[in-house]
Amino acid sequence: MPLPLAQVQELRDRLSDRFRPWSRSAQFWVRAVDIYGSYKVCQLRTGFVKDEEEREAMWEQQHEIGAQKMYSLCSELGGLFLKAAQILGKPDLAPTAWVKRLVTLCDKAPSTPIEVVRDVVEKQFCKSFDEIFDFFEVEPVGSASIAQVHRARLKSSKTDVAVKVQHPGAEQLMMVDIRNMQAFALFLQKYDINFDLFSATKEMEKQICYEFDFVREARAMERIREFLRVSNKKPPVMVPRVIPGMISREVLVMEFIQGTPIMNLSNEMSKRGIDPAGKLAAMAKQ
């Protein structure tokens, strides 16, 4: 007797969840080996070139190729690799071509569907969506590797809030990603570089685990907010106020503060007539 459609779909979802880490690991290793191999080939080729300018040109071309491959890896796999892109997209940590390409990934994480967001919020607060919010914007204000943020209005206080909701399953996949990165770091340490990359990935693992605990994050926000209030007549940094009773490990509700994304800061300054050659604008662009 054939299984009902709902049971078939449930079985498919279970199998998909079971094999997803394996599929993800395979995708990482295929791409990582491709990037690593292309750099080793370039290293071999430049060894036969005597002219220094020609060697530099070959490396620049390789960095452009490597940057595109790394961009594809980070944007398509997402998760921890988006975080890695944020770290590598700094001038002191990667070639210029990598920085220019990876810095565009800071806010490009895929978003979780609104139906799933509703389910997470209702389970965490044990209330229906309509009991909590007057309105809830379907499109997120932003989406990152761990969570996404929606603007909403609380029914109880008519206050506009930012609702930060974790992507379901993100923590498990990030742990898979970090294990793969640790294995790759050990390989590089053994055969290619004289630097303790593995310890850096272990520290990253610890910090990422902290980031999945929104209760801990809320406590830290309140401590910083109170410190700035006590230490300054006019606090130099605005820290959103956490909404009491609306904090869980996977959902964090805080006051909504209108602002400008840091990546858009130089454009915003130009709109406001701030001298593009001035020190303030130069710092913002940097």
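Reader: Is V253 buried or exposed?
Author: This is a predicted model, and the answer is computed from it. Residues under 20% relative accessible area count as buried. V253 has a relative accessible area of 0%, so V253 is buried.

Reader: Which strand holds V253?
Author: The strand in question covers residues 251–255. V253 lies within that run, in strand β6.

Reader: Which residues does V253 touch, not counting residues up to four places away in sequence?
Author: One of them is I243, which is 10 residues from V253 in sequence and 5.8 Å away in space, C-alpha to C-alpha. With sequence neighbours up to four places away left out, the residues that V253 touches are F125, V161, A162, V163, V242, I243 and M246.

Reader: F125 is in that list. Which other residues of α5 are buried?
Author: Helix α5 spans residues 114–125. F125 is one of its buried residues. Besides F125, the buried residues of α5 are I114, V117, V120 and V121.

Reader: How wide an arc do the buried residues of α5 cover around the axis?
Author: The buried residues of α5 are I114, V117, V120, V121 and F125. They lie on the same side of α5, because the arc they cover around the axis is only 120°.

Reader: What is exposed on the other side of α5, and what covers the buried residues?
Author: On the other side, the exposed residues include E115 and K123. The cover over the buried residues of α5 includes α6 (129–132), β1 (133–136), β3 (147–154), β4 (160–166), β5 (242–247) and β6.

Reader: How many disulfides does the structure hold?
Author: A disulfide needs a pair of cysteine sulfur atoms within 2.5 Å. The number of disulfides in the structure is zero.

Reader: What span is expected for α2 at 1.5 Å a residue?
Author: Helix α2 covers residues 52–77 and has 26 residues. From first C-alpha to last it reaches 37 Å, close to the expected 38 Å.

Reader: Which residue caps the N-terminal end of α2?
Author: The backbone nitrogen of E53 lies 3.3 Å from a side-chain oxygen of the capping residue. That residue is D51.

Reader: Which residue follows α2 with a positive phi?
Author: The phi in question is near 65°. The residue that follows α2 is G78.

Reader: What percentage of the residues in the chain is buried?
Author: The chain has 11 helices and six strands. It exposes about 18400 Å², with 57% of that supplied by carbon and sulfur atoms. Of its 286 residues, the buried share is 35%.

Definitions and conventions. Residues numbered from 1 in each chain as written. Predicted model: local features only at pLDDT ≥ 70, side-chain atom pairs only at ≥ 80, totals over all residues. Heavy atoms only, no water. Helix = DSSP H or I, 4+ residues; strand = E, 2+ residues; numbered from the N terminus. Buried < 20%, exposed > 50% of the residue type's maximum accessible area, 1.4 Å probe, protein only. Contact = heavy atoms within 4.5 Å. Areas by Shrake-Rupley, 256 points an atom, 1.4 Å probe, with all protein chains shown as cover. Expected span 1.5 Å × (residues − 1). Polar contact = N/O pair within 3.5 Å; in protein donor to acceptor, adjacent residues only side chain to side chain. Arc of directions from axis to C-beta.
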